[in-house]
Amino acid sequence: MKFLKFALYIFLPVLLLNSCRDYVEVEPVGNNRILKYTSDYRGLANNYNDMTSSGGIYLLSNADAEFPTTYQNGVSTIWGNSYTWQDRIYDPSQGDADWIGLYKAVYYSNVILNGVMGSEKGTDAEKKEIYAEAFVHRAFAYLQLVNTYGPQFDPASANSEKAVPLLLKPELFSSLERSTVGQVYDQIISDLKDALANDIQDSPQFNVLPSKRAVYALLARTYLYMGSYQLSLDNAEKALAMQNGLIDLNSLATGFSYPVLIQNPEVIFSKTLLNGYVGIPLSNDLLNSFETNDLRYNFYTMAGTNFFPTYTGRGFGIPRYSQTTGINVGVSVPEMYLIAAECYARLGQTQKAIDNLNIVRAKRYKSGQSYQVSASTSKEALDLVLVERQKEFIGKGFRWFDQKRLNLDPVYQKTYTRVFKGQTYTLAPNSAGYVFPINQNYIDLNPELGK
């Protein structure tokens with residue numbers, strides 16, 4: 001058994017005193033404080049900053065990003081290493097904010113799962129609601145972790161490669177031996193099914209709270225990454241049966257009319273990337289893929305002069321429209337339509353794939369202008385869907401996860417190159433560059449992480 005170093009933020013007294021004092025009612029026990037009442041656990045579950053933080057370092061590495069030459073001189077070593085797919089990202093004095101934030105969400109979830117059902121001054125319904133929510137938060141965190149720090153799930157393999165530690169109890173002493181890719185995915189699915197089994201609420205007051213539709217949507221995303229297309233489709237359609245509204249960009253006067261995250265009718269479950277990743281320059285190939293009548297170019301992107309440091313080009317605009325709107329990487333209605341479209345294409349149902357694709361496009365193109373696409377084969381439909389994902393999910397980093405999973409298909413494998421400070425770097429299909437290294441500092445403190 002290994003002491004969990006603070007690299008994983010597993011110090012309960014410090015966390016509760018420093019991170020949750022405004023949210024959690026606590027009573028002293030000796031020199032520590034503990035959660036006692038159901039309202040304490042609700043406060044912990046509603047700790048917005050910690051429960052919604054979702055990393056995002058892969059945003060620097062995915063093909064959507066392209067650093068102009070002048071911009072490159074001002075980026076940090078961490079950004080430069082991530083942008084060029086290095087096998088070591090952090091200097092010895094640095095921490096990995098993505099790893100810390102995601103494991104903090106895991107730890108909070110474990111605290112809730114371990115204690116809320118035995119808490120005081122709460123109804124059974126209140127306790128069960130919080131309990132079910134914690135499974136969803138933990139599942140989301142592990143889906144981010146395994147896809148950032150682990151190899152791609154391969155439906156044709158045993159998925160026995162090591163990924164990340166599976167911590168399922170709020171223990172101060174625990175082994176940090178890494179679980180396999182397959183084990184982590186099994187736990188994600190188990191957690192989401194446990195949320196359903198515990199009657200997760202259908203319609204929470206805010207989209208930052210987990211819900212039944214969020215569970216279905218996360219299952220759809222998870223099964224998509226696993227290559228289980230029928231299961232992914234089934235869950236995407238369940239989510240759409242509960243929430244299917246899309247924003248008609250024609251109805252917005254400017255980008256500043258775009259709804260803030262908590263009021264966005266497209267968001268099923270809100271999770272945001274760290275604020276530090278806002279403003280990354282977008283690649284010219286991506287920007288040039290937008291057709292003239294596609295409103296997303298002006299609503300989803302804005303000139304690089306709006307960011308700091310400024311640059312020539314364009315960045316993801318939505319986070320700049322409001323201080324309360326970050327980069328949402330939680331599940332959404334358009335994602336469900338595009339997952340359904342991809343799954344239909346992969347299952348040989350070409351017209352249904354195109355129908356779902358056109359539902360999204362109808363709300364993204366100028367009124368009265370042609371937006372519909374067609375395909376005569378499922379391969380043509382799949383190609384259209386994959387391009388649409390790049391444009392609809394611009395600036396969110398989903399491209400990285402798509403690159404990883406598409407590497408399994410020789411038809412879609414691609415070698416990426418980029419020049420940084422005069423040197424050319426290459427990312428080959430299925431290379432080690434697709435797996436972010438665990439910070440060496442954490443391995444030094446916990447050697448089993450490196451095994």
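Mentor: Start with Gly-95, which sits in the loop between helix 5 and helix 6. Keep in mind that this is a predicted model. Is Gly-95 buried or exposed, or something in between? Its relative accessibility is 37%, so Gly-95 counts as partly exposed. The cut-offs explain the label: buried means under 20%, exposed means over 50%, and partly exposed is what lies in between.

Now ask which residues Gly-95 touches, leaving aside its neighbours within four places in sequence. With those set aside, Gly-95 is in contact with Tyr-90, Asn-439 and Tyr-442. Take Tyr-442. In sequence, Gly-95 and Tyr-442 are 347 residues apart. In space, their C-alpha atoms are 8.7 Å apart.

Take the contacts with a separation of 6 or more: 70% of them are between residues 24 or more positions apart.

Stay in the loop for a moment. Trp-85 also lies between helix 5 (77-83) and helix 6 (97-115). Trp-85 has a phi near 60 degrees, a positive value in a residue other than glycine. Most residues other than glycine have a negative phi. Trp-85 has a relative accessibility of 11%, so this residue counts as buried. Gly-95, at 37%, counts as partly exposed.

Another positive phi turns up at Lys-421. The angle there is about 55 degrees, and Lys-421 is not a glycine either. Lys-421 lies in the loop between strand 5 and strand 6. Those two strands form a hairpin, with two residues between them, and Lys-421 is in the turn.

How do strand 5 and strand 6 pair? They run in the antiparallel sense, over five bridges, and strand 6 covers residues 423-427. Tyr-416 stands opposite Leu-427 in strand 6. Thr-417 stands opposite Thr-426 in strand 6.

Strand 5 also has two faces. Tyr-416, Arg-418 and Phe-420 make up the covered one. Thr-417 and Val-419 make up the uncovered one. In a regular strand the side chains alternate between the two faces of the sheet.

Tyr-416 leads on to the largest pocket. This pocket holds about 770 Å³ of space. Strand 5 (416-420) is among the elements that give two or more residues to its lining. The others are helix 4 (69-72), helix 11 (284-288), helix 16 (378-392) and helix 17 (398-406). By class, the lining has 17 nonpolar residues, 14 polar and eight charged.

Rolling a probe the size of a water molecule over the atoms shows where empty space is left. How many cavities of 30 Å³ or more are there? The count comes to three.

The largest cavity has about 190 Å³ of space. Its lining has 16 residues, and Tyr-258, Asn-264, Ile-318, Asn-328 and Lys-396 lie nearest the centre. Eight of the lining residues of the largest cavity are nonpolar, five are polar and three are charged.

The second largest cavity has about 60 Å³. It is lined by 13 residues, with Leu-59, Ile-280, Leu-282, Phe-316 and Gly-395 nearest the centre. Here the lining divides into nine nonpolar residues, three polar and one charged.

One more local feature deserves a stop. Where is Pro-309? Pro-309 is in the loop between strand 3 (301-303) and strand 4 (314-316). A cis peptide bond joins Phe-308 to Pro-309, with omega at about -5 degrees. Most peptide bonds are trans.

Finally, step back to the chain. It has 18 helices and six strands. Its C-alpha atoms fill a box of roughly 70 × 50 × 45 Å along the principal axes. Of its 451 residues, 58% count as buried. For 451 residues, a compact globule would have a radius of gyration near 22 Å. The chain has 22 Å, so the value agrees with a compact globule.

Technical notes
Residues numbered from 1 in each chain as written. Predicted model: local features only at pLDDT ≥ 70, side-chain atom pairs only at ≥ 80, totals over all residues. Heavy atoms only, no water. 1 Å grid on protein atoms, 1.4 Å probe; cavity = no way out; pocket = protein on both sides within 12 Å on 5 of 7 lines; lining within 4 Å. Points joined across faces, edges and corners; volume = space filled by probe spheres on them. Helix = DSSP H or I, 4+ residues; strand = E, 2+ residues; numbered from the N terminus. Nonpolar A, V, L, I, M, F, W, Y, C, P; charged D, E, K, R; others polar. Pairing = 2+ DSSP bridges. Rg over C-alpha atoms; globule rule 2.2 N^0.38 Å. Buried < 20%, exposed > 50% of the residue type's maximum accessible area, 1.4 Å probe, protein only. Contact = heavy atoms within 4.5 Å.
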